[in-house]
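Trainee: Could you take me through this structure, please? I would like to understand how its parts are arranged.

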There are 2 protein chains.
Amino acid sequence: MVNKDMQNLGENRSAIRELFEFGRLRKAELGEDSVFDFSLGNPSVAPPVAVGDSIKRHADERGIHNYTSAPGDYGVRTQIARYLRDTFGAVQTPEYIYMTCGAAAALTIVFRALACEADEFILMAPYFPEYTVFAKAAGARPVVLAMQEDCGINMPALAAAVNEHTKGVVINSPNNPSGAVYSRAALQSLAALLRQKAAQYGHPIYLIADEPYREIAYDVEVPYIPELYADTIVCYSYSKSLSLPGERIGYVAVNPVATDAADVYAAVCGAGRALGYVCAPSLLQRVVGDMQGVTSDVEVYRRNRDLLYNALCEMGFRCIRPDGAFYLFVKAPIEDSEAVSEHAKQYGLLLVPGDSFGAKGWLRIAYCVDTDMIRRSLPQFAKLAADYRLI
Amino acid sequence: MVNKDMQNLGENRSAIRELFEFGRLRKAELGEDSVFDFSLGNPSVAPPVAVGDSIKRHADERGIHNYTSAPGDYGVRTQIARYLRDTFGAVQTPEYIYMTCGAAAALTIVFRALACEADEFILMAPYFPEYTVFAKAAGARPVVLAMQEDCGINMPALAAAVNEHTKGVVINSPNNPSGAVYSRAALQSLAALLRQKAAQYGHPIYLIADEPYREIAYDVEVPYIPELYADTIVCYSYSKSLSLPGERIGYVAVNPVATDAADVYAAVCGAGRALGYVCAPSLLQRVVGDMQGVTSDVEVYRRNRDLLYNALCEMGFRCIRPDGAFYLFVKAPIEDSEAVSEHAKQYGLLLVPGDSFGAKGWLRIAYCVDTDMIRRSLPQFAKLAADYRLI
C-alpha cells in the first residue's frame, strides 16, 4: 500500500551504507581495532578550528536561526560568488547561486529542475551510485557509459550515447570512487563534443559538475569547468573540504552565461521548493560564508594516499593512482568483486565492491581514515593478496 | 528546455513570500516603522538561551559534524521517543522516528513514501498552500475540502471526498492559517469516519498530522492524534516551538502500531534517500535532542493574540478566535480578499489573502511579530475598517 519503489530504496541500503552498518556491529562485537572500515567517505580530519569558532560566534546572533530567503542568504551567496570569481576567474554572480542541503540535495534539485518527459542524464562509470537514484526520482533515465580501464572520460561511448533526449551529463572530478582528476585537455575535448552535439540536436546539453572534492587534489590542476563549458551547473558541498558531511551544506551555481540561465535558475528554485527544501540550514550558511578558501588539513589524505597506494601496488594489487578525492580504486583479484569484499571481511577489511559504481571487478577503499589504521591494516591486505596469489 | 512546472514554481513565489519580499523592499524605501509586515510565520520570539548554549557546547565535539545514520542519530531519536511517551503516553519507539530538515521535508517525504499511481491526499481548507505543491511533486492528486465558516473539520465534505484512491488526509492542528485547534471530540469523529472508510475500501487511510504548532496553544487541549487514530504519521518541526525556522530540523514519527508500519517507515527512509536528504543537519539534531520539552517564550504570542483579536473585533472585523498557532484569520470586508490585501498596503499593512489557503474572502495575519508593532498598526487597521465602513 506504500510506494514500493520507495520501500525498496529504504529496505535496501546502498552497498556502502550496508558495509558501514556491518562494520559498526562488528566493532561493537570484536572491538574497534579489529575492524578496518574503509567503507564510508566520512572525513577523518577534523573541521578547521575556525569552523567551531564561527559556529559559536554566530550561535546567539539575533535572527540567525530565522528563515533565509529560499535561495539562501544574499550575503553568503555574495561571499561565495566573490570567491569563485577571485579564485577561478568565474563570471559567477550571487543571483545564480542557490544554497542547498549538501551536494545530494543540489543534484536532486538540478535533475528535477531540468528533467522533462523522456529526458536522459549520462553518467560515466565509475560513478557515485546515488546518481541513478536521484535521476530516477526526478523521472529521468540515467544512461551509464562503460568504464575505461584508466577511469578517464570514455569519449567514444559518450559520443555514441548522446541523443535528442540527452538533457545533461554528470561529471565528478576529482572522482568518487576512482580518485581520477580530469585534465584540462580531457575536459576541453569533452566540451567540444558536447558543443557539437548540442548544435546537432538543437538544444543545450548541461554539464552537471558534482564537485565536493574540488579542494582535495594532489599536485594536479582541477580545472574550473564552467570556464571551459558555458552550459555548466556546479553542485558543490562543504562536506569534504570542511569535514562537515552531517551538516548538509552546499550550493548549486548556475553559470550566468549558460543557455537559458535564468530559466534554469528559476527551475532550480522551483525544484527546491517542490522537494521541501525551504532554505539551507541558516546557521551553517553563515559559517560556510565565513570559510571561503578555508579547508580542513587535506594533507593527511595525501599521506594516506601515498601509504596505501604504494603498499597495495607492492603487494601486487592493480590500483588507479588517485590524483584527488580520498578513494583508492583497486582492481579486484578476481572478477567477482562482491566475493572479494566478502572474503576481505574475515580480515576485518571493509572494501566496497565496485558493482554499484558501475565498475564490476573493482573495489573502492575510502582512505579518509586515521593513518594509523591504514598502517595496521597493511598486514591484513597482505593476507588478502596472498589468498589470491598476487605475490 | 527546463522543466516548466519547476520553472513556474520558481518564478511564482507563494503569495506569502511575495508579500514578504514586497515588505522588505518597502522597508528599505520608507523605513522599518512604516511597514507592518504580518506576512510570514517567522517567529518573533528569540530561541531559548539553552539552544545557543547547546549549539556552543556541541560545536567542537569530536564527530559531531559527521554523517549520522540516514534516519538520524539514534540517541536523539531515543530522546524524542521518550518525550512522546512521557508526555502523551505515545507508544513511539526510536526505530519509527526519522529526522528531517523540518516539517516541509517531512511532508514531502511522507507524500512520496505513500503515493502510488492515482493516489489522492485530502486537504482541509484553510490549509498551508505548499501542501498542494508537495503532494503534486510526489505525483499525487491533492483534493481540497471546502472551508467551514468556523474553520472546523468539514465532516460531510470529508465523507463525500474519500474514495478508493484516498491514501491519506492531512490535518494541521493548531492550524495555519486559522489558529483553530481541533477538539478531542472532533478528532474522535474524524477517526471514526476514517476507520469506517478504511474498512469500506479495504486499505488504510493515513492521517498525516502536520504539527509545527503543537506547543503553541492557549488554554485548550491539543490532543495527541496517534492516540486517537492508529494510522497516523506525525510530521513535526522545531521551527516554531524553538524559533529555529531557518535551521530546518524536525522529524517524521510513524506510529509503530499503524497498519503496515514497517513498510511505511521503510518507504519514508527510501523517499528521504530519493529526494536527496542524506541526513538531517547533525549538530541541530543533537541540539533538539537536548531541548525536549523546552520551548521559546510562547506567552508573547498569547499577548499578541489577545491584543490583535480584541482590537480587530472591536473595529468590526469578523475574526476566527485563534486557540493556537500565531495566525489570525479574518473575514475580508469584501469577497475579493486580494483587493483588500492590495488596498491594505497603502497603510503599510501586509496581510496575506486567503485565496492560496483555499479560503477566498479571508485574510491571514501572522502575529508572530513584536507586540509593539501590533500596537502601532492598530490605527492603520482602523483606517482599513473605515474604508470598508465596518464601524
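Mentor: Helix α4 (residues 74–88) of chain B packs with helix α11 (residues 282–290) of chain B at an angle of about 30°, and their axes are 9 Å apart. Helices (H or I, at least four residues) and strands (E, at least two) are DSSP runs, numbered from the N terminus. Axes are lines fitted to C-alpha atoms, for helices over the stretch in contact, and angles run from 0 to 180 degrees between N-to-C directions. Please note that this is a predicted model, in which local features need pLDDT of at least 70, side-chain atom pairs count only at pLDDT 80 or more, and totals for chains, interfaces and linings use all residues. Residues are numbered from 1 along each chain as its sequence is written, while chains are lettered from A and ligands numbered from 1 in the order in which they are written.

Trainee: Are α4(B) and α11(B) roughly parallel or roughly antiparallel?

Mentor: They are roughly parallel to each other (angles under 35 degrees).

Trainee: Which residues meet there?

Mentor: B:Gly75, B:Val76 and B:Gln79 in α4(B) meet B:Gln285, B:Arg286 and B:Gly289 in α11(B). Two residues are in contact if their C-beta atoms, placed from the backbone, lie within 7 Å. The residues of this contact comprise 1 nonpolar, 4 polar and 1 charged. Here Ala, Val, Leu, Ile, Met, Phe, Trp, Tyr, Cys and Pro count as nonpolar, Asp, Glu, Lys and Arg as charged, and the others, Gly among them, as polar.

Trainee: And how do α12 and α14 of chain B cross?

Mentor: The axes of α12 (residues 299–314) and α14 (residues 371–387) of chain B cross at roughly 10° and come within 10 Å. That makes α12(B) roughly parallel to α14(B). Among the residues in this contact are B:Leu307 and B:Leu308 of α12(B), and B:Ile374 and B:Phe381 of α14(B). The contact divides into 8 nonpolar, 2 polar and 1 charged residues.

Trainee: Changing topic, what is the order of strands in the sheet?

Mentor: In chain B, 7 strands form an open sheet with mixed pairing, in the order β2-β8-β7-β6-β5-β3-β4. Two strands pair if DSSP finds at least two bridges between them. The edge strands of chain B are β2 (97–100) and β4 (141–145), each of which pairs on one side only. From one strand to the next, the twist averages 20°.

Trainee: How many bridges join β7 to β8 in chain B?

Mentor: There are 5 bridges between β7 (residues 232–237) and β8 (residues 250–254) of chain B, and these strands run antiparallel. B:Ile233 stands opposite B:Val254 in β8(B).

Trainee: Which helix lies across β3, β4 and β5 of chain B?

Mentor: That is helix α6 (residues 130–137) of chain B, which runs at about 150° to β4(B).

Trainee: How many residues does the contact take from each chain?

Mentor: The contact takes 62 residues from chain B and 62 residues from chain A. On the side of chain B that touches chain A, α10(B) gives the most, with 10 residues. That side divides into 36 nonpolar, 17 polar and 9 charged residues.

Note on methods. Angles under 35 degrees count as roughly parallel, over 145 as roughly antiparallel, 65 to 115 as roughly perpendicular and the rest as oblique.
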